[in-house]
Amino acid sequence: MKVYLLWHTHPTGANENNEKLIGVYATREAAMATQNRLLGVTGFSSYPVGFEIVAYEVGMDHWTEGYFTE
């Protein structure tokens with residue numbers, strides 16, 4: 001089963017971004033409807049190209065590698 005994550009990203013400074021997970025939806029169409037609604041909302045309307053819809057498989061590991069800390 002897939003769900004669809006709606007993200008919004010906008011630049012906040014030198015090589016930095018603000019990322020927001022808007023929501024998780026059962027269909028791509030539902031995510032797109034939310035995106036279209038938010039295009040007229042303060043903040044989102046200033047960065048209309050910041051939206052991204054990502055399909056995500058439920059019940060799977062999505063991070064299988066380790067990571068480094070400083």
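Where in the chain is the place of glycine 23? Glycine 23 sits in strand β2, and I'll come back to that residue in a moment.

Hi everyone, first a word on what we are looking at. This is a predicted model, in which local features need pLDDT of at least 70 and side-chain atom pairs count only at pLDDT 80 or more, while totals for chains, interfaces and linings use all residues. Residues are numbered from 1 along each chain as its sequence is written, and side-chain values use heavy atoms, with hydrogens and water left out.

Let's start with the overall layout. The chain has three strands and one helix, and along the sequence they come in the pattern β-β-α-β. The radius of gyration is 14 Å, well over the 11 Å that the globule rule gives for 70 residues, so the chain is more spread out than a compact globule. Helices (H or I, at least four residues) and strands (E, at least two) are DSSP runs, numbered from the N terminus.

Along its principal axes, the C-alpha trace spans about 40 × 35 × 15 Å. Some 23% of the 70 residues count as buried; buried is under 20% relative accessible area, exposed is over 50%, and partly exposed is in between, with a 1.4 Å probe and protein chains only. The accessible surface comes to about 5500 Å², and carbon and sulfur atoms hold 53% of that. Those areas come from the Shrake-Rupley method with a 1.4 Å probe, and for residues only the protein chains shown count as cover.

What about contacts, meaning heavy atoms within 4.5 Å? Among contacts in the chain with a separation of 6 or more, 46% are between residues 24 or more positions apart.

The mean positions of the 4 positive and 8 negative charges are 13 Å apart. Lys and Arg count as positive, Asp and Glu as negative, and His and the chain ends are not counted. Each charge is placed at NZ of Lys, CZ of Arg, CG of Asp or CD of Glu.

Now to the helix. Which residues of α1 are buried? They are Ala31, Thr34, Gln35 and Leu38. Seen down the axis of α1, these buried residues fall within an arc of 100°, so they line one face of the helix; the arc is that of the directions from the helix axis to the C-beta atoms. That buried set packs against β1 (2–13), β2 (16–25) and β3 (51–57). On the face turned away from the buried side, α1 carries the exposed residues Glu29, Asn36 and Arg37.

Let me zoom in on threonine 34, which lies in α1, residues 28–38. Its relative accessible area is 9%, so threonine 34 is buried. Leaving aside neighbours within four places in sequence, threonine 34 is in contact with Leu6, Ile22 and Tyr25.

Back to glycine 23, as promised. Glycine 23 counts as buried because its relative accessibility is 13%. Beyond its neighbours within four places in sequence, glycine 23 touches Tyr4, Leu5 and Leu6. Glycine 23 and leucine 6 are 17 residues apart in sequence, yet 5.5 Å apart in space, C-alpha to C-alpha.

Over in strand β1 we find valine 3, also buried, at 13% relative accessible area. Setting aside neighbours within four places in sequence, valine 3 is in contact with Val24, Tyr25, Val54, Ala55, Tyr56 and Val58.

Next, the loop between β1 and β2, which is the place of asparagine 15. Most residues other than glycine have a negative phi. Phi of asparagine 15 is near 60°, a positive value in a residue other than glycine. Asparagine 15 is exposed, at 84% relative accessible area.

Finally, the segment after β3. Tryptophan 63 lies there and is exposed, with a relative accessible area of 63%. Tryptophan 63 and glutamate 29 are 34 residues apart in sequence and 26 Å apart in space, C-alpha to C-alpha. Histidine 62 lies in that segment after β3 too, and histidine 62 counts as partly exposed because its relative accessibility is 39%. Leaving out neighbours within four places in sequence, histidine 62 is in contact with Tyr56 and Glu57.

Definitions and conventions
Rg over C-alpha atoms; globule rule 2.2 N^0.38 Å. Contact = heavy atoms within 4.5 Å.
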